[in-house]
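Please keep the sequence and the structure in view while reading.

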Amino acid sequence: MKIRIKFRKYGVMKFIGHLDVMRFFQKAIRRSGLDIVYTEGYSPHQVMSFAAPLGLGLTSDGEYMDIELHSSPEPAEALHRLNEQMVEGIEVVDYRMLKQQSHSAMSVVAAADYEISCRYRPASFFEDSAILEHFLNEEHILIEKKTKKSVQMVDIRPMVYSACMEFIEKKPVLRVRLAAGSSRNLKPELLLDALCTYAGCERGAFDYLIHRTELYADISANEEEVRSFVPLSAYETEAEVCAGM
Amino acid sequence: MRKLALSEELLLQVEKPARYIGNEVNSVMKRKEDVAVRFVMCFPDVYEIGMSHLGIQILYDMFNRWDDIWCERVYSPWPDLDAQMRREHIPLFALESQDPVKAFDFLGITLQYEMCYTNVLQILDLSQIALRAKDRTWDDPIVIGGGPCTYNPEPIAEFFDIFYIGEGETVYRELMDVYIRAKEEGVSREEFLFRASHIPGLYVPSLYEASYDEYGRLTAFTPVREDVPKTVARQVVEDLSAACYPKAPVVPFIKATQDRVVLEILRGCIRGCRFCQAGMVYRPLRERNVEVLKKLAVDMLKNTGHEEISLSSLSSSDYRELSELITFLIENIGSTAVNISLPSLRIDTFSLDVMSKIQDVRKSSLTFAPEAGSQRMRNVINKGLTEEMILEGAGQAFEGGWNKVKLYFMLGLPGETTADLLEIAHLSEKVARRYYEIPKENRNGKCQITASSSFFVPKPFTPFQWAPMNTKKEFLDKAKIVNDEMKRQHNRKSLKYNWHEADLSVLEGVLARGDRKVSSVILRAYEKGCMFDSWSDFFDNQKWMSAFEECGLDPAFYANRERDTGELLPWDFIDIGVSKRFLLNEYERAKQADVTRNCRQGCSGCGAARYKSGVCYENQN
């Protein structure tokens, strides 16, 4: 049976990279005693896949991984057993069975929400909301994207689904929903580069705190429609809910 | 939530920030208010190397079982962070509490190889602890060293307050109690060190004085006070099965060099190879009870989630219940996708059968360590491996489907001739030839025989402790002789030969048998920027050589000189249990190419029997 697990990553665990988080979970699952399925062959590995890697330095309330088990305890019990094996900075918040004919989180992830705040003095576009407004009114926003081989011009505007400025405890926070996944993917850092260029300021390497809040699957009927999304925890999962929060 | 010692900006700038944040599974958090002694254990190399070390995991577990002690860890900051810490005057900190090392009661440093000595100074320097022990006050932690290099601690004696000679499981509790009492009584640091010097196995360098003759040779080594012991006796665990062992070792987030459960099945070695320090200083061979090991294996895998378990020892084949242990592991653990790895195993029918069960034959290679090419030379070094045994083992392996063999040799062994060197190539050729004797249809393509040679470094407390080491030129000339001969072999296309870096070996030779004077060179080299010397990217021989020159010391005096057997050696004040008489006798036998039987074939009276344990008493109960 396939299981979708949602977890938070916070505190000092932001310094643990994606591959090491995977290794951490592989060992945690072994410690928890969950009856995970292994691949065949001389070097068997656990059937486990993550929805979307989270960059070093970012925190998240909405990370997902799918695993396959031979058998599972009650979701509440499984959640408890997993959390017993976590360290400070990783918490499992949701554990759900996937439907029979389901797709992996990695293949269906289509969007991600982020909360971006300023570590130091707020940048101009945080204080002057008109900048963001104008930015979003642009039809195309071309930026340079460096790959290993070449530098390409990419239009990132279609990958910004929404963006707005909010105040949380009197501090300005930029909330965005960006394309995520294998076909289209926009890293929040790239959006910040574009915004900084647009606002005419420099982006310092550590100016922003980026926090992912949720990952979504796309349930729009077709390309033309206004996009509609559901969180991965509600996509192709069984109705019975066990939320840890 | 714990507050980190380093800022987020800094952590995101350096390579692998996970090295510095602690928080690992099974790491131990206590409240500093609840403990009497704070101990920080250091492996002076990068985190991934240090976290792979079994000794620290054992001591970390032992200390933290005591309610009144909190033991934490620290490793060498990588040069990228090192530079930032110096620039911003950030003090080095322990991983668990993130508190400055300087605030601790003890800084324990494990000394596993000589090339870490400049890293010891880096640790002290970044911790803002005075580099020389004589300059320290009660504001500094007590700096204590342990591990194999303490069998000649003299080159680094000036940097340590105490050395712990022997196995860590024995007298640390006593030291902690003496420390707690000294603190309660408010005595001076000197008084505490004096008291510590009376605990068996503890060596306080400041309480001893060395004098030298006009050539620089040691003439006397004596305590500065009448009431300080003249010799320091190595500490030995008598019952390994009863000794503490971590059931839940710390599991790093990033991949450590040793990313697996390590099960120490035995300690010591019966073989008595004359070049091998470990084979002498860990005597007698003591086995851990097989039932204890089975339980440990299960518990450790469960508590860590590791996917691999490795047996650790100097020679696993000498564990008498190996077959039972391996069968248990295969039947009870192998089924849960756990890899079993068996290093230091003699290649024979049993081990090949086991290996074919637990690994992919086509991918794995077999390793033999003949150490020398000719039988004469193997007799000189007392390596009880014959050509027949190698060819028989290799032949069986080839017929079992293996086609990769690694052969380890040493160059520069005492009494080595050109004929001995040529035999390295010839032996490699014979192994290859054995492979091609198998009919073409039954073999698996070409074979790959890789011969590697390291340069022999004479070590203290071995029969070769008096022997001269080769110079760099001699080493490289020898490597060339072997390499040329390899190219003349019929199956040369199946043979590969590589050899170690010579400069590093020569320096290791100096540090291994150096005296107190050498500490000025180490300090000078560090001041010139030497660090991470065991990493070829960072090793700078030029700096070291100019440090020797500036300190007026000649590396050849330490490395290349044959010592008179009557000369007082810098490490003679340590009593390892194996007598100097035995070592000397072995040195003489080596010159005659006489083989000495191993401990199970019969006792040769080395002296280790006084520990009343292990192989010395195997058949007497």
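## Basis of the model

The model is predicted; local features need pLDDT of at least 70, side-chain atom pairs count only at pLDDT 80 or more, and totals for chains, interfaces and linings use all residues. Residues are numbered from 1 along each chain as its sequence is written, chains are lettered from A and ligands numbered from 1 in the order in which they are written, and side-chain values use heavy atoms, with hydrogens and water left out.

## The two domains

Chain B consists of domain 1 (8-233) and domain 2 (236-359 + 577-621), with bounds that come from an automatic or database domain assignment. A distance of 27 Å separates the C-alpha centres of domain 1 of chain B and domain 2 of chain B.

## Extent of the interface

Contact, meaning heavy atoms within 4.5 Å, joins 27 residues of domain 1 of chain B to 26 residues of domain 2 of chain B. The buried area between these domains is about 2400 Å², and carbon and sulfur atoms give 63% of this area. Buried area is the accessible area (1.4 Å probe) that two parts lose on being put together, summed over both. In domain 1 of chain B, the residues that lose the most area to domain 2 of chain B are B:N26, B:L54 and B:E167, together 24% of what that side buries.

## Salt bridges

The rule finds 3 salt bridges across the interface of domain 1 of chain B and domain 2 of chain B. A salt bridge is a side-chain nitrogen of Lys or Arg within 4 Å of a carboxyl oxygen of Asp or Glu. B:E167 forms a salt bridge with B:R267, with 3.4 Å between the closest N and O atoms.
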